[in-house]
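Biologist: Let us go through this one together. I will ask, you answer.

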Amino acid sequence: MKKIFLTAMTLACTTLATNVQAQTDKTLLPAQQELQLKYGADRLGKRYDPAMQKFRENRLGAFVHWGLYAIPGGEWKGKVYPGAAEWLKAWAKVPADEWLTLMDQWNPKEFNATEWAKMFKKMGVKYVKITTKHHEGFCLWPSKTTKYTVANTPYKKDLIGPLVKALDKEGIDVHFYFSVMDWSHPDYRYDIKSEDDQKAFLRFLDFSEQQLRELCTLYPSVKDFWFDGTWDASMKKNGWWTCKMERMLKELIPGVTVNSRLRADDYGKRHFDSNGHMMGDYESAYERRLPDPIKDLHVTRQDWEACMTVPENQWGYHKDWSISYVKNNVEVLERIVHAVAMGGNQVVNFGPQADGDFRSEEKQLAKYIGTWMKENGECIYGCDYAGLDKQSWGYYTKNAKGEIYMIVFNQPFSKMLTVRVPKGMKVMKANLMNGKEVKVVETTRNEYNVCVPEKTFDGPWVIKLQVNENEKKVDLYREALT
Ligand code: H76
């Protein structure tokens, strides 16, 4: 049964991983009932090549949303709009031509790629996702495909090139954000309602392809493409293009990773195809939210990456952060840990000012995260879902050696941290990150209390557990005998 299905998949797709694993068990059809898709998943299950392993092990990234919207910073003609600053053109109903005259003011004199790379290095991020072009259509690189680029501003110079170079030098992977939806292009269509619409949209898709090819040629060290603005009916009716682009990028940049948001299948189904298989290399639907640590454990079996804003919903620079709740350092950290504890990555957003510098709140946050990561990063990088039931004190992660970390966000009054383990697993030892041992008491079958240290820490802190799973095998053996 599986064999017939695999043969069909091989015909339809260029690549096929050896690991066949269900992605979203609930939605999967039995193999023989699967629809034949031309533009469905190119692969079943996770990718295990070195580039994908690197993507996964990175775990912590930064997002940079930078464009013309940084100039008005959420304010248009004296009115401050509380919506996302990078959408100001839409909130204030500014016509495209008028919006794009902001280019005359684009001159980020304080921009210093080396300083940016150093800040991110100190923060402990392993990759940075940069908006090469957001919905407004303004390109941060001197594209030959349009006049709306940095080349035609007072600044004149490329911004992507120096950033790629500086980040590469620090050993930080560069990921490109690319919005397919483009408010600057006359051929963009939200929907296809006539033949003319489709003709125009095909021209637009060709233009987008040229831009993507250009990015690959100019900056071949790019590691990932993160697509956005792919939700319109026009895109859903042209799923073939998303499939074509993923394959093209993979040919141009060996090992490149692509997010699920790019893709739509033959029926316009997005992220996961009509058979329930994930398209692209990792799920990118967790935007400003995270899977539930108890109910959504299915994500631990796939690759996924979440992204988050520091205020409620501001990606680009907004001059007034007082209009919405701003997450504190610990909340940002908790979202990073929460993602890794469920086998995902977390990307923290930055919205640089129009002058090329970062606002003080973001610099301070980067510093805080960096200090914490320096001390405790081993519970994040290369770590994964630990397979233990979530407890109210915080989160577990597990490293490649099978050692388990407890990341404590809520200190219990009891001074005891409950750890429940699967049958056969034993907790042998518990240590703080400074090496100091803490007491572990076995309280009942498969349950332990780990004692909170006398002197606890200002912020979230970490305990490393040595566990012994040997007994599990013995148990299974015994069970097999009886
Ligand atoms: C909606 C939307 C867009 N997706 C986020 C990642 C931001 O780029 C936001 O503008």
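**Domains and contacts**

Modeller: To begin, twelve residues of domain 1 are in contact with eleven residues of domain 2 (C-beta atoms, placed from the backbone, within 7 Å). This is a predicted model, where local features need pLDDT of at least 70, side-chain atom pairs count only at pLDDT 80 or more, and totals for chains, interfaces and linings use all residues. Residues are numbered from 1 along each chain as its sequence is written.

Biologist: Which element gives the most to the side of domain 1 that touches domain 2?

Modeller: Helices here are DSSP runs of H or I with at least four residues, and strands are E runs of at least two, numbered from the N terminus. α10 (329-341) and α11 each supply at least two residues of that side. With seven residues, the top contributor is α10.

Biologist: How far apart are the C-alpha centres of domain 1 and domain 2?

Modeller: The bounds come from an automatic or database domain assignment. It gives domain 1 as 48-379 and domain 2 as 394-481. Their C-alpha centres are separated by 38 Å.

Biologist: How do α5 and α11 pack, at what angle?

Modeller: Axes are lines fitted to C-alpha atoms, for helices over the stretch in contact, with angles from 0 to 180 degrees between N-to-C directions. Helix α5 (113-123) and helix α11 (360-376) have axes 7 Å apart, at about 40 degrees. Under 35 degrees would count as roughly parallel, over 145 as roughly antiparallel, and 65 to 115 as roughly perpendicular; the rest is oblique. So α5 against α11 is oblique.

Biologist: Which residues of α5 make that contact?

Modeller: On the α11 side, K363, A366, K367, I369 and G370 take part. On the α5 side, the residues are M119, K122 and M123.

Biologist: Why is one side of β12 and of β15 left without a neighbour in the sheet?

Modeller: Strands pair if DSSP finds at least two bridges between them. The open antiparallel sheet runs β12-β16-β15. β12 (416-420) and β15 (440-444) each have a single partner strand, so both stand at the edges.

Biologist: What stands opposite V441 in β16?

Modeller: β15 and β16 (447-451) pair in the antiparallel sense over four bridges. Opposite V441 is N449.

Biologist: How many residues of the shell around the ligand are charged?

Modeller: The ligand is surrounded by H65, A84, E86, W87, D228, E287, C307 and W315 (C-beta atom, placed from the backbone, within 6 Å). Asp, Glu, Lys and Arg count as charged; Ala, Val, Leu, Ile, Met, Phe, Trp, Tyr, Cys and Pro as nonpolar; the others, Gly among them, as polar. The shell has four nonpolar residues, one polar, and, as charged ones, three.

Key. Contact = placed C-beta atoms within 7 Å.
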